Structure formats: structure tokens, C-alpha cells
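My entries follow in the order in which I made them.

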Amino acid sequence: MAEVEAPQARQITYCGVCTLPPEYCEFGGTAKKCEDWLKDNESNLWDKLYSEDALNANLSTLSVSAQERAAKDAAKKEAKAAASEARDSERKAASKVIIKRVERNKRKYVTVVIGLEVFGLENKKIAKDLGKKFATGSSVTRSPAGVEEITVQGDVSDDLSDWLLEVHGAKIPEANIEFVEDKKKKKSEQPIV
Amino acid sequence: MFKKEYVHCLTLRSHKPQAANGPHQGLLIPPSNRSKVKSSVQRGLRQKLLETYPGFEPVIEEFMPKKASLEAVKLPDRVTLYTIDSTPLFFQPIDGPPVPHLRLVHAYPSAIPTIQIDRGAIRFVLSGATLMAPGLTSPGGRLPDAEHAIEAGQIVGVTAEGKEEICLIGMLKVGTEEIKSKGKGVVMDEGHYLGDGLWRMHLD
């Protein structure tokens, strides 16, 4: 943040899980995770926010029925968040990043990458990075099947997977990268992904 | 590139809960929607900002130095967000005053007037509900006394009972004195709250 080095600006720690200021974590829907995160990363704050006194103070200000409703609501929200996350990770485990080497001309290749967006990567940005890394043309194209893919000029499939694992290895497990060789001349004849 | 659900709940008027879109997703603004602001326009904006929020006067040099190049990001609903180095500073609807981004407000909390809601209202506010008077007039809420009354149409920050940080910022629909006397009804229609689309937006 720009105002970080400014002397008068207050620096606030934001929760690493739900991005809210930690005191609002309880309303973020991922309360449990936020608490753990805070405990690991900002133990001072954790002591302050999750001490017995603080919790009791929170509870005493509401009427019992309102408390119950709020708790129910929070539980529902949390369950929802957990479910969507589970779904997300399942989807991630099932899907693959496909690196395809397509013969464009005799001895000329382009490399096509499909399926990055499932892993939370931005196609456009990655394309730009790849272009810089390999010093070639690299662009996001829409395949005939309607899927967005990155086309990198030149055969860079090996280097590309190395780069992916190195830079975004945290997001993509190695097992989920798959190589495909496409000998066809025209890209339009690609099998549907 | 634009995700429709997000466009709706971006800043103003959000009735749709965000949770369905996953906690870390954000609307990515394509670079084409960003532009550098002319320095003359930037001066004007700065003036406007200071006029609206005299509280920023002593610190404006810190977050918005004269030399820094301001970027304008177009958001849906004819809202423009102004940033410096991908840090959101404030946004401005086409027909309204500039409103500081919550992160900026958190850095300089004394710059804007605040009111307080009670604990029961927090969860509604953080899911984008309109702010209603009872949340302010109840024992947990706080409104400024008569001398420091805030007029309708002013931008206020909303803190919450037992919390330090501001969780909502927006324009008051009715003055604080009127809220006190009436004690019900809508106080703030739309605002920028913690965890909304603008808050979660990634700029780089």
C-alpha cells in the first residue's frame, strides 16, 4: 500500500483468510479458519480478540434470541463457504493443465496451454509473462470449442512446464500437468477439449 | 472477462450476497479500463477531495502526493475509482462526491465523521443490507450530539459496537438529528462495506 511508509497512516493488519480486519472475521463466513490464521500469524491480536473476556463481552450485548439467530446465520454462512471451497478443490484436483505442442508447419511449432484458469491463474497475465520469459509471441485465444487458451509461438512445452511449476507451483500440482502432441497441421482440427 | 454477478455487487446497491463467488475471487479490471489522469484534472480532484473531507488536509500529501500519477479505473454503474500504484484511494459516482476507499479510511480514521451501529446490525451491514435507523439509535449505537450533527447527504464512516475499524462508508440519507427523532427508516441506501466487490477487487 502506498500509505504504508507515511508516518501518520495507521497500519492495519488484514486477515489473510477473509481479507477483513480481524475483528470482523466472525462475520466473514470463515470464522474458524480466520481464527487459526490469526493465531499463527498475529498472536498478539489473537490474544486480544479471542480472549475469554472479549468473547463474553460480545455475547452479553445481545438478547438471547438474537444471539441464536446470529449464530444460526453464521453457521449457515460458514457451511456454505466450506462447501464451496470443497467443491473448488475437488474441481481443481480433477482438472488438468494441458500443454499441447501443435505442429504449425514442418519443424515449426506452437505451444498451447489450456486449463490454467481453473487453478486461479489469469490467462491474460500468464500469456504476457510467457511472452516475456520466452521472448516470443504469446496470446490468449479462444479455441473453436469456446475455451480460452494461451498460444505461445515456438516449441516451449518443456520449459513451460518447468516455469509453471517454478512460478506457480504452489497452485498447480505437478501431476495435473499433461503433455499432448498434436501433429495436425491446422489448429481447427483439434479434438474438443 | 467481466463476471456478471460481480458487476452487480461491485460497489453501490448490492443486494446479492458475495459468498457464492468464493472468498478470494475478485473482479479483475482489464487494463483498457484504466487510464492516467491528467495532472490538471488530478489537481481538481484533489481540491474536491479536500473540500469534501477537510480531515484529509494534513495527510493528503502522504497518500496522494502532488507528483504521483493518479490512475482512473472505470467501474460499472458509471463509477470511477482512482488509484495510485494499484492502491485504491477513492471512488466517485458520476453524479456524487468522491468517497474514500475503506482501506484509506482505515489508514486515516479520524479524517471523516463516524457513527456507530450496534452489534446486531453488523452482520446485515456486512452482507450489503441498507442501513436502518434502529441499529444506530439502540444502546449499542452512537450518533453525534446535536452540536456535531451530520447533515443528510454527507459521507460518513460507520463503525460498530465493540469494534475499532470502520466497516461501512456511504452517504447519509437523513441527518443525524432526524434519525434520533424518528428512530426508524432507511438511513443509508448504498455504501461501500467490508467484503464487497470493491473491497475484494484486485487491481494488479
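**Cores.** I began with the nonpolar cores of this predicted model. The largest has 54 residues. Ile122(B), Val125(B), Leu126(B), Val158(B), Cys167(B), Leu168(B) and Ile169(B) are listed as having the most contacts inside it. I then took Leu126(B) and looked up what it touches beyond four places in sequence. In chain A I found Tyr24(A) and Phe27(A); in chain B I found Cys167(B), Tyr193(B), Leu194(B) and Gly195(B).

**Open sheet in chain B.** I went through the four strands of an open sheet and wrote down their order as β6-β8-β9-β11 in chain B, with mixed pairing. The edges are β6 (114-117) and β11 (191-193) of chain B, and each of these pairs on one side only. On average, neighbouring strands here are turned by 25° against each other, direction ignored. Inside the sheet I checked β8 (residues 155-160) against β9 (residues 166-171) of chain B: the two run antiparallel and are joined by five bridges.

**Gly157(B).** Where does Gly157(B) lie, by element? I find Gly157(B) in strand β8 of chain B. Its opposite number in β9(B) is Ile169(B), a residue I had already noted among those with the most contacts inside the largest core. Is Gly157(B) buried or exposed? I count Gly157(B) as buried because 23 other C-beta atoms lie within 10 Å, and the cut-off for buried is 20 or more. With residues up to four places away left out, Gly157(B) touches Val105(B), Ile112(B), Thr114(B), Ile166(B) and Ile169(B). I also took one distance: from Gly157(B) to Leu172(B), 15 residues apart in sequence, the C-alpha atoms are 9.7 Å apart.

**Tyr53(B).** Next I turned to a loop residue. Tyr53(B) sits between α2 (39-52) and α3 (60-63) of chain B. Tyr53(B) is buried, since 22 other C-beta atoms are within 10 Å. Which residues is Tyr53(B) in contact with, leaving aside neighbours within four places in sequence? I get Ala111(B) and Ile112(B); Ile112(B) is also one of the residues that Gly157(B) touches. Tyr53(B) and Gln154(B) are 101 residues apart along the chain, yet their C-alpha atoms are separated by 9.8 Å.

**Hairpins in chain B.** I followed β2 (residues 71-75) into β3 (residues 79-84) of chain B and found antiparallel pairing over five bridges. Val73(B) stands opposite Leu81(B) in this pair. Three residues lie between the strands, and in this hairpin Asp77(B) takes a positive phi near 65°. From β3(B) I went on to β4 (residues 87-93) of chain B, which is antiparallel to β3(B) and joined to it by six bridges. Tyr82(B) stands opposite Phe90(B) here. The hairpin of β3(B) and β4(B) has two residues between the strands, and Asp85(B) has a positive phi near 50°.

**A hairpin in chain A.** I looked up β3 (residues 138-142) and β4 (residues 148-153) of chain A, which pair in the antiparallel sense over five bridges. The bridge partner of Ser139(A) is Thr151(A) in β4(A). Five residues lie between the strands of this hairpin, and Gly146(A) takes a positive phi near 90°.

**Chain totals.** For chain A I noted six helices and five strands, in the pattern α-α-α-α-β-β-α-β-β-α-β along the sequence. Of its 193 residues, 23% count as buried. For chain B I noted eight helices and eleven strands; of its 204 residues, 40% count as buried. Of the contacts with a separation of 6 or more, residues at least 24 apart account for 45% in chain A and residues 24 or more positions apart for 60% in chain B.

**Confidence.** The model scores ipTM 0.70 and pTM 0.67. Chain B has a mean pLDDT of 79, with 84% of its residues at 70 or more. Over residues 1-26 of chain B the pLDDT is below 50, and I noted that this stretch has 54 contacts in the model beyond near neighbours in sequence.

Note on methods
Residues numbered from 1 in each chain as written. Chains lettered and ligands numbered in written order. Predicted model: local features only at pLDDT ≥ 70, side-chain atom pairs only at ≥ 80, totals over all residues. Pairing = 2+ DSSP bridges. Axes fitted to C-alpha atoms, helices over the stretch in contact; angles between N-to-C directions. Buried ≥ 20, exposed ≤ 12 C-beta atoms within 10 Å, placed from the backbone. Contact = placed C-beta atoms within 7 Å. Core = buried A, V, L, I, M, F, W, Y, C linked by C-beta atoms within 7 Å. pLDDT = per-residue confidence, 0-100.
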